[in-house]
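Thanks for coming. I will take one part of this model and go through it slowly.

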Amino acid sequence: RAIVNHLCLQLFYNLISTMTSSRWNVTRVAVVPFLAVVMFLNIYLIFSNNSTFFHPLFKYHTSMVNRVEIGTEKVLDMCQKKNKIMFLKTHKCASSSLQNIFFRFGEKHNLTHVLTNGGNYLGGKFSRSVLKNTPWEKAGMSYSLLCLHVRFNKPEMEAVMGPGTAYVTMLRDPVDVFESQYGYYGLGGFYGMSIDDFAAAPKTGKLLTRAGGQGRNQMLFDLGLDHENMDNEAMVKMKIEEIEDRFDLVMIAKHFNESLILLKNELCWDVQDVTNFKLNGRKEEVKSKLSENTRNLLKEFLKADYMLYDHFYQIFQSKMKTFGESALGAEVSDLEQANTEISHACSVKTADNAVLKGDQKWWGPNLVGYNIENSTNEDCFLMTMSELVFINRIRKNQAKKANIILENKKSIEEVRHKYKQVFQFLNI
């Protein structure tokens, strides 16, 4: 492609050199076929590589045409795969498994992610300013996926992602979220007591503070409600209304497979697009077995998150009912079968994450990981790849694309500068 680019530009130089000469009337005739050749080459590159050397003049987005069999006839269902997605990654809500799905989809379809130059967070409340010094922002690349940890900020996210973006997230029972936080992030050490003692203790002083980005009503906090407004019922209701208005689908971790089917249909994806393994999960033996009294005390402490969760759980149940119990059950069975087949094909074995090495080792204590045996299929490794490793993989590939765009922009600017008068004459 670089050679083609160079040859086209060289031809362009020679062509322009004659435009101010007496041969211009003759050369004018050559302009049209030349541009036709350039257009043909760009079209070829578009369909072969999903990109062009004259980016961003030409863009191409993939779409899906489903073939649906009705009797013996095949008809076209013009369902278009959505490839602009903002996934609000809530903490401890099976979000790593979902994120891996979006990562794999992005790699398969050559999509551009909202990423910083390092790390797996996009800061606190999202702001486009965190992208300022990234090569993809400098290159003016259009974003298709935002699925790293960040707090929801509607206007900033809409400005970056643009129209036509699907907004999705996942919620979980708030007590289960808090229990998972308490063990995974070491909140017992921060507060200096067990989760049972924390639940029973008066919430004053340090017990009302957050441990960095972790603490009370984590889902509402991730969705953008500030800590000081958690006891303001009116503010909580306003946030819930905002989420309902903006998000296309709020999934429920308790119904994970059903959530994926609703997601698949919302995005017009295939079942293969949502195949998955449970990632970043803790060992069962390290999970706290909460007493009924502890759970009730924590429910009161997490009252705002329950307002959020109960509201969207009701909406989720309505969506499942509309989908149809038998139809949903059939699609869930298809997904489970697909997951089983992939597990067998990849020879996946669960393993203690502490003894794993390389790309499959996750960050965090007491986790269940996976060994991939007898497989050279890269998809198997991508499905179990740790978040940090996968993000760095995406970042590296995306930087290469951005640098090509920047280099080509530089070349075009050099041509414009060299032949400034000619471009002015042509009004280009």
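**The sheet and the helix after it**

In strand 8, isoleucine 252 is the bridge partner of leucine 171. Helices (H or I, at least four residues) and strands (E, at least two) are DSSP runs, numbered from the N terminus.

A word on the source. This is a predicted model, where local features need pLDDT of at least 70, side-chain atom pairs count only at pLDDT 80 or more, and totals for chains, interfaces and linings use all residues. Residues are numbered from 1 along each chain as its sequence is written, and side-chain values use heavy atoms, with hydrogens and water left out.

Back to the sheet. Strand 7 (residues 166-171) and strand 8 run parallel, joined by four bridges; two strands pair if DSSP finds at least two bridges between them. The open sheet has four strands in the order 5-3-7-8, with parallel pairing. Strand 5 (145-146) and strand 8 are at the edges with a single partner strand each, so one side of each has no neighbour in the sheet.

Which way do the side chains of strand 8 (residues 249-252) point? Leu249 and Met251 point one way, Val250 and Ile252 the other, and all are buried. Buried means under 20% relative accessible area, exposed over 50%, partly exposed in between (1.4 Å probe, protein chains only).

Now helix 11 (residues 256-267). Nine of its 12 residues are buried, among them Phe256 and Leu267. Strand 7, strand 8 and helix 13 (303-323) are included in what covers those buried residues, by contact, meaning heavy atoms within 4.5 Å. After helix 11 comes cysteine 268, with a positive phi near 60°.
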